[in-house]
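Good morning, and thank you for making time for this presentation.

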Amino acid sequence: MTTAALSALDRTRIQRRTVGILSFGQVLGGIAFGATVSLGALLAADISGNDALSGLATASVTLGAALAAIPLARLAARRGRRFALTAGNLLALIGIVVVISAAAMRFFPLLLLGIVMIGMGNAGNLQSRFAATDLALPEHRGRDLSVVVWATTIGGVAGPLLLGPGERLGHAIGMPVHTGSYLFSLVAQIAAFALYLVALRPDPLLVSRTLPETGSVAAGLQRADRPVAARYAMFAIAGSHVTMASVMAMTPVHLSHMAMAGRGGMSDGASMEMDVTVLVGVTIAMHVAGMYGLSPVFGILADRWGRLRTVLLGQALLVTSLAFAMLAGETAWGVMVALILLGLGWSAATVAGAALLTEASATELRTRRQGRSDSLMSLSAAGGAVLAGVILQSFSYAGLAIAALVVVAVIVVLSPLGKR
């Protein structure tokens, strides 16, 4: 079969199958990663004995993702998406075992190492959205990317909601506090590893290289490389992510403080820990629903309304979220509304930003820039999470929201660069 025949007869079928497999993998990845996001800060605060160090958990996740993003992108460029995604899953599996061991030994440095490895695995999950664009037609790129992002909703919401059952299961079998849900993460990661290894055939990135100009010339939408717009897309993605990650990372600790204050600062041990875990799980689940639930809508908007306009819509949602955090952040409902809007703003900005980055990059530069974008996004969030812990302890939750507004303002001011 010739390349042209392959493009005409099989491209749509392969793309549809690829998006389906990537979406199912994101469901499993969301379940696996949900426990890390929700419990990492609590574990760090508990084992270290210092709330100011709780941000190191999210920082470690994002640092791991930053360290692995470029190597995994290079692995994808050499061997295809399948190898890169399965390598990420393997790193996450090892990380989960290390985290549980660290909690049992109450050894803080080992805990951070395990969370770093889980973050390395999450770098693979992040690259799934770019894998969805390898064979996508340009006019459907935002839509296909957003479908894979949306699939994370199922696992991402289910993961935090499993915290309560996970704690009960962990308590029943004698696991350390705040680690029971990692059992669900372990099973989900194993399933995702098997899925990508067995089912992601043919590899979408390798197939795309057999097609003339990845189909863009045929669609009449091929453009010259636009490095300024690509750099702005990287910055908008990173800035939106650090805004989201910094506030989200400190929310479990903030909610824990609120729960304690609601009981006059008194705690009855295990039952209080369970109540806080459930409160955190529900709030983070709603946040994750905001992050992924409407991503197809934002993907369609990015295709039809424009990438840059959708990025700016995301910034408007982030501003609204931070306003709720400042004005109503001492109430449970205020925190929940802020976290939902925070997720929506992140979704609009990152979906549209990823589409802008892809279309502003020449075909031979895309994989490299995608890896750099993920690395920059994760490194920025790692630094932001560390600073967030200090800001929360020194200036309160409202002060953290004010600091995050500065990042949003810079993204808006620099937005004309996205047109170049």
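This is a predicted model: local features need pLDDT of at least 70, side-chain atom pairs count only at pLDDT 80 or more; totals for chains, interfaces and linings use all residues.

Which residues are linked with D303 in a network of salt bridges? The network joins D303, R307 and E359. By salt bridge I mean a side-chain nitrogen of Lys or Arg within 4 Å of a carboxyl oxygen of Asp or Glu.

Residues are numbered from 1 along each chain as its sequence is written, and side-chain values use heavy atoms, with hydrogens and water left out.

Let me continue with the charged pairs. Side chains of opposite charge can pair when their charged atoms come close. The structure holds seven salt bridges. In one of them, R106 pairs with D46, and the closest N and O atoms are 3.3 Å apart. R106 sits in the loop between helix 3 (81-105) and helix 4 (108-131), whereas D46 belongs to helix 1, so this pair ties together parts that are 60 residues apart in sequence. Helices here are DSSP runs of H or I with at least four residues, numbered from the N terminus. R106 is partly exposed at 44% relative accessibility, and D46 is partly exposed at 33%. For these words, buried means under 20% relative accessible area, exposed means over 50%, and partly exposed lies in between, with a 1.4 Å probe and protein chains only.

A second pair to consider is R129 with D374, whose side chains meet in a salt bridge at 2.9 Å, N to O. Because R129 lies in helix 4 and D374 in helix 15, the pair ties together parts that are 245 residues apart in sequence. Are these two residues buried or exposed? R129 is buried, with a relative accessible area of 10%, and D374 is buried as well, at 1%. D374 also lies 9.7 Å from T62, C-alpha to C-alpha, although 312 residues separate the two in sequence.

The side chains of R143 and D144 form a further salt bridge, at 3.1 Å from N to O. Here D144 is buried, with a relative accessible area of 7%, while R143 is partly exposed at 35%.

I turn now to the interior. A nonpolar core is a set of buried Ala, Val, Leu, Ile, Met, Phe, Trp, Tyr and Cys residues joined through side-chain atoms within 4.5 Å. The largest such core has 71 residues, and L111 and Y182 have the most contacts inside it. Helix 10 (residues 227-262) gives the largest share of this core, 14 residues. Apart from it lies another core, of 11 residues, including I21, L22, A131 and V148.

S23, in helix 1 (residues 3-48), is buried at 11% relative accessibility. S23 and V149 are 126 residues apart in sequence, yet 7.5 Å apart in space, C-alpha to C-alpha.

Finally, the surface. R74, R78, R79, R368 and R372 form a positive patch; patch residues have over 30% relative accessible area and no salt bridge, and like charges are joined within 9 Å. R372 is found in helix 15 and is partly exposed at 46% relative accessibility.

Technical notes
Helices (H or I, at least four residues) and strands (E, at least two) are DSSP runs, numbered from the N terminus. Patches are made of residues with over 30% relative accessible area and no salt bridge: like charges are joined within 9 Å, nonpolar side chains (Val, Leu, Ile, Met, Phe, Trp, Tyr) within 5 Å. Accessible areas come from the Shrake-Rupley method with a 1.4 Å probe; for residues, only the protein chains shown count as cover. Lys and Arg count as positive and Asp and Glu as negative; His and the chain ends are not counted. The place of a charge is taken as NZ of Lys, CZ of Arg, CG of Asp or CD of Glu.
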